[in-house]
Each structure stands twice: as C-alpha cells, then as structure tokens.
Amino acid sequence: MSDKHIIDISSWTRREHYTHFGMLEDPFFGITAKADFTSCYMQAKEDGKSFFLYSLHKILRAANAVTEFRYRIEDGRVVLYDLIGASPTVGRDDGSFGFAVFEYHEDRATFVEEAEKEIARVKSASGLCLGEGENRQDLIYYSSIPWIDFTDMKHAGGPRKGQSIPRISTGMLVPSEERLMMSVSVELNHGLADGYHVAQFFRLLGML
C-alpha cells in the first residue's frame with residue numbers, strides 16, 4: 001500500500017464541491033469515450049504478452065498522473081495517495097471470476113510479471129477471492145468486457161454515499177480508420193473530481 005496524505009479541507013479549493021456532492025446518496029458521475037490502443041496492442045503482440053495487462057498498465061499510468069484519481073474518502077477525511085493500483089476481475093475457464101489486486105509499477109515488465117502471478121492465484125481459487133483488496137482504498141476497480149463494443153456502462157450497486165474508489169471498464173478492441181479503438185468507461189466521485197479531470201485522463205491515454 002502506498003503512502004497517503006490528509007487534505008486540509010478548510011483550505012482546499014474543492015471544499016464546497018466536496019460538501020455539495022457529499023450530500024447526495026450517489027455522488028458518482030460517469031463518462032464513456034473511445035481511446036486509441038493501437039500502439040499498446042501492437043507492442044503486446046510484438047512482446048508476446050497479454051494485451052489485457054498492457055492496456056491496464058497504460059490506464060494506471062494515466063490514472064496515476066491525474067491527481068484527482070488518487071483522492072479517497074476515509075473516515076470522513078479526504079486523503080491523497082502517492083500511487084494507486086487496480087483491483088480487476090479475473091475470468092476463469094468455468095465462466096466465473098474472482099477479484100485480484102495488481103500493484104502499480106511504473107516499469108511495465110515488472111507490473112506484468114507481478115500481475116501474472118496474481119492472475120494465476122485467482123484462477124486456481126474459487127469464489128470471489130475477496131481478500132486484502134476488499135479493504136484497500138489505493139486502488140481502482142477495473143473490469144474488461146472484451147466481447148462488447150459498449151457505449152455506456154452501469155455498475156452493480158445501490159447508493160454509494162461516502163464511497164470514493166473510481167471504477168474503470170473497457171470494452172471490445174475495434175478497428176477504426178486504421179486504428180484500434182476501445183471504449184473506456186470512467187466513474188468518479190463528483191466531490192473529488194470533475195469532467196475536466198476525466199478529459200485529462202483521456203488525453204493522457206491518447207499520448208501513452
């Protein structure tokens with residue numbers, strides 16, 4: 001788990017935004033847009049590695065580069081983590097899935113190596129594999145849905161007042177004008193981030 005820092009709400013520029021949206025039963029907002037994963041796919045193919053892991057590493061690089069993706073609400077306080085990893089769903093041959101925890105490493109090879117070990121652990125287990133990821137905040141919840149080129153996404157769950165972990169999902173890789181595009185759905189707590197910050201995230205995805 002990475003280090004975190006408590007935000008002084010009294011002098012925080014988002015103080016009123018945080019208070020306003022914090023009164024809502026569901027303070028999350030969502031945006032789905034296409035992102036270019038051509039180079040990411042070609043690199044994974046060239047290296048003989050998993051596009052799932054290469055694309056998730058790219059997503060985590062972008063998310064870590066946007067401060068607002070690293071804010072969390074803990075015990076009524078806002079904290080900022082230095083780094084965030086991911087808790088993705090990992091599918092099994094029997095059609096079930098479990099939750100994994102991938103630590104973020106800036107070096108992609110290290111990230112992939114460690115993630116492959118975690119995937120093997122979840123695949124060999126049964127059930128949801130709820131473990132340390134259930135209580136950690138320095139993560140994003142991630143799911144890949146490579147069978148559908150979706151245009152919108154709604155996650156399971158009722159009111160999420162006080163929750164703050166971002167949810168990111170990706171869809172099918174689709175050819176478009178000699179590029180490989182993929183839908184990316186992002187859900188964030190509006191008290192911690194705005195559409196502007198999601199736009200920064202997508203801009204970075206296009207550059208990485």
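Reader: In which strand is the place of Val-186?

Author: In this predicted model, Val-186 belongs to strand E9, which covers residues 179-189.

Reader: Why does Val-186 count as buried?

Author: The relative accessibility of Val-186 is 1%. Buried means under 20%, so Val-186 counts as buried.

Reader: What is Val-186 in contact with, leaving aside its neighbours within four places in sequence?

Author: Val-186 is in contact with Phe-29, Gly-30, Ile-31, Phe-69, Arg-167, Ile-168, Val-198, Phe-201 and Phe-202.

Reader: Which residues have the most contacts inside the largest nonpolar core?

Author: They are Phe-37, Phe-69, Ile-168, Val-184, Val-186, Phe-201 and Leu-205, in a core of 42 residues. Helix H3 (residues 51-65) supplies the largest share of this core, eight residues. A second, separate core has eight residues, including Tyr-18, Val-78, Leu-80 and Leu-192. As a general remark, nonpolar side chains in soluble globular proteins tend to be buried together.

Reader: What makes the pair of Phe-102 and Phe-111 edge-to-face?

Author: Nine aromatic pairs are counted in the model. In the pair of Phe-102 and Phe-111, the ring centres are 6.0 Å apart and the planes stand at 85°. Centres within 6.5 Å make a pair, and planes over 60 degrees apart count as edge-to-face; the pair is therefore edge-to-face. Both Phe-102 and Phe-111 are buried. Elsewhere, Trp-12, Tyr-18 and Tyr-71 form one aromatic cluster.

Reader: How do you know that the charged end of Lys-58 sits over the ring of Phe-37?

Author: The charged end of Lys-58 is 4.5 Å from the centre of the Phe-37 ring. The distance must be within 6 Å, and the charge must also lie within 35 degrees of the ring normal. Lys-58 is accordingly listed as sitting over the ring. Arg-167 likewise lies over the face of Phe-28, at 5.3 Å from the ring centre.

Reader: Why is the meeting of Arg-14 and Asp-194 called a salt bridge?

Author: The side chains of Arg-14 and Asp-194 meet with an N to O distance of 2.7 Å. The cut-off is 4 Å, so the pair is a salt bridge. Arg-14 is in the loop between strand E1 (4-6) and helix H1 (15-22), and Asp-194 is in the loop between E9 and helix H5 (195-207), 180 residues apart. Arg-14 has a relative accessible area of 7% and is therefore buried. A search of the whole structure finds eight salt bridges.

Reader: What makes Arg-179 and Asp-36 a pair that ties together parts of the chain?

Author: The closest N and O atoms of Arg-179 and Asp-36 are 2.9 Å apart, in a salt bridge. Arg-179 lies in strand E9 and Asp-36 in strand E2 (residues 28-36), so the pair ties together parts that are 143 residues apart in sequence. Arg-179 counts as partly exposed at 37% relative accessibility, and Asp-36 counts as partly exposed at 22%.

Reader: Why are Lys-117 and Glu-114 separated by about one helical turn?

Author: Lys-117 and Glu-114 are three residues apart in helix H4 (residues 108-123), which means a separation of about one helical turn. Their side chains meet in a salt bridge at 3.4 Å, N to O. Salt bridges that share partners also join Glu-103, Arg-136 and Asp-138 into one network.

Key. Residues are numbered from 1 along each chain as its sequence is written. This is a predicted model: local features need pLDDT of at least 70, side-chain atom pairs count only at pLDDT 80 or more; totals for chains, interfaces and linings use all residues. Side-chain values use heavy atoms; hydrogens and water are left out. Rings of Phe, Tyr and Trp (its six-membered ring) pair if their centres lie within 6.5 Å; planes under 30 degrees apart count as stacked, over 60 as edge-to-face and the rest as tilted. Buried means under 20% relative accessible area, exposed over 50%, partly exposed in between (1.4 Å probe, protein chains only). A nonpolar core is a set of buried Ala, Val, Leu, Ile, Met, Phe, Trp, Tyr and Cys residues joined through side-chain atoms within 4.5 Å. Helices (H or I, at least four residues) and strands (E, at least two) are DSSP runs, numbered from the N terminus. Contact means heavy atoms within 4.5 Å.
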